[in-house]
Amino acid sequence: MEAVVNVYQEMMKHADPRIQGYPLMGSPLLMTSILLTYVYFVLSLGPRIMANRKPFQLRGFMIVYNFSLVAFSFYIVYEFLMSGWLSTYTWRCDPVDYSNSPEALRMVRVAWLFLFSKFIELMDTVIFILRKKEEQVTFLHVFHHSVLPWSWWWGIKIAPGGMGSFHAMINSSVHVVMYLYYGLSALGPVAQPYLWWKKHMTAIQLIQFVLVSLHISQYYFMPSCNYQYPVIIHLIWMYGTIFFVLFSNFWYQSYTKGKRLPRVLQQNGAPGIAKVKAN
């Protein structure tokens with residue numbers, strides 16, 4: 001326990017004072033409590049509450065929710081681009097700018113906005129529970145929704161920006177497409193003819209992790225790079241690899257293995273093959 005406290009204290013010594021005043025950023029206790037409550041609700045409390053209740057429809061809420069996240073994700077991508085990725089960044093070795101320049105402060109702000117969007121997206125799983133779609137609450141889904149915001153909190157606490165922010169920009173770009181799909185799906189039969197690209201959603205996710213891994217891997221082949229916290233580089237590379245494997249398995253289970261099932265099972269939904277919203 002003492003070792004954990006020492007690591008925590010050492011990390012907090014490197015905290016960026018520019019982000020200290022943003023909501024949730026004072027201490028990791030609040031955000032950790034939110035995420036633990038989320039995991040408990042979606043895996044235990046929520047299903048028990050809904051066990052003897054009819055599922056909620058939530059169609060109107062889902063339409064507003066998904067299209068709002070399309071707009072929010074698009075705005076985050078725009079802000080990342082304007083905060084460095086389309087101006088001063090080289091797309092190779094880009095250290096964190098710790099100055100108080102307008103562009104550097106803009107990067108701090110969008111880094112926090114990305115974190116905040118991850119907490120909003122916890123509602124994805126809550127919607128599954130309220131609609132009694134527990135089969136969509138997979139390990140991949142819960143792991144992705146809980147681990148990413150927790151780790152990103154630490155990332156922006158000490159290094160908001162630089163080459164470590166590339167994966168956040170790419171993730172938000174993917175979410176523009178993803179929430180557009182889910183928003184159209186919520187519209188019902190009127191939008192079904194335009195949803196032929198459902199299968200490609202997982203392919204887009206896989207491309208995301210390939211791009212992130214390729215970008216971050218540059219660090220290992222550069223003669224020198226003055227990015228301030230190499231541990232963040234290692235963690236991003238590790239996450240990219242882990243999620244590529246997990247999403248590849250989902251692709252196999254849903255689209256490769258599933259294709260071999262009898263047609264009636266493909267139409268009605270095969271047991272054990274979850275049609276997850278694994279964003």
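Just after helix 7, Gly188 takes a positive phi of about 95 degrees; helices here are DSSP runs of H or I at least four residues long, strands are E runs of at least two, and both are numbered from the N terminus. The model is a predicted one, where local features need pLDDT of at least 70, side-chain atom pairs count only at pLDDT 80 or more, and totals for chains, interfaces and linings use all residues. Residues are numbered from 1 along each chain as its sequence is written, and side-chain values use heavy atoms, with hydrogens and water left out.

Helix 7 itself covers residues 166-186. Buried means under 20% relative accessible area, with a 1.4 Å probe and protein chains only.

Zooming out, the protein has 10 helices and 0 strands. Its radius of gyration is 20 Å, close to the 19 Å from the globule rule for 279 residues, so the protein is as compact as a globular protein of that length. That radius is taken over C-alpha atoms, and the rule is 2.2 Å times the number of residues to the power 0.38. Buried residues come to 47% of the 279.

On a 1 Å grid over the protein atoms alone, a cavity is a set of points where a 1.4 Å probe fits but cannot get out, while a pocket is an open set with protein on both sides within 12 Å along at least five of seven lines; lining residues have an atom within 4 Å of a point. The second largest pocket has a volume of about 490 Å³, a volume being the space filled by probe spheres set on the points, which are joined across faces, edges and corners. Its lining has 29 residues, with Ser151, Trp152, His167, Ile236 and Tyr239 nearest the centre. Helix 6 (139-158), helix 7, helix 8 (200-217) and helix 9 (230-256) each supply at least two lining residues, and helix 6 gives the most, with 9.

The largest cavity has a volume of about 70 Å³. Among the residues lining this cavity are Arg18, Asp97, Glu103 and Gly161, and helix 4 (residues 102-120) provides the largest share, 4 residues.

Methods
Expected span 1.5 Å × (residues − 1). Buried < 20%, exposed > 50% of the residue type's maximum accessible area, 1.4 Å probe, protein only.
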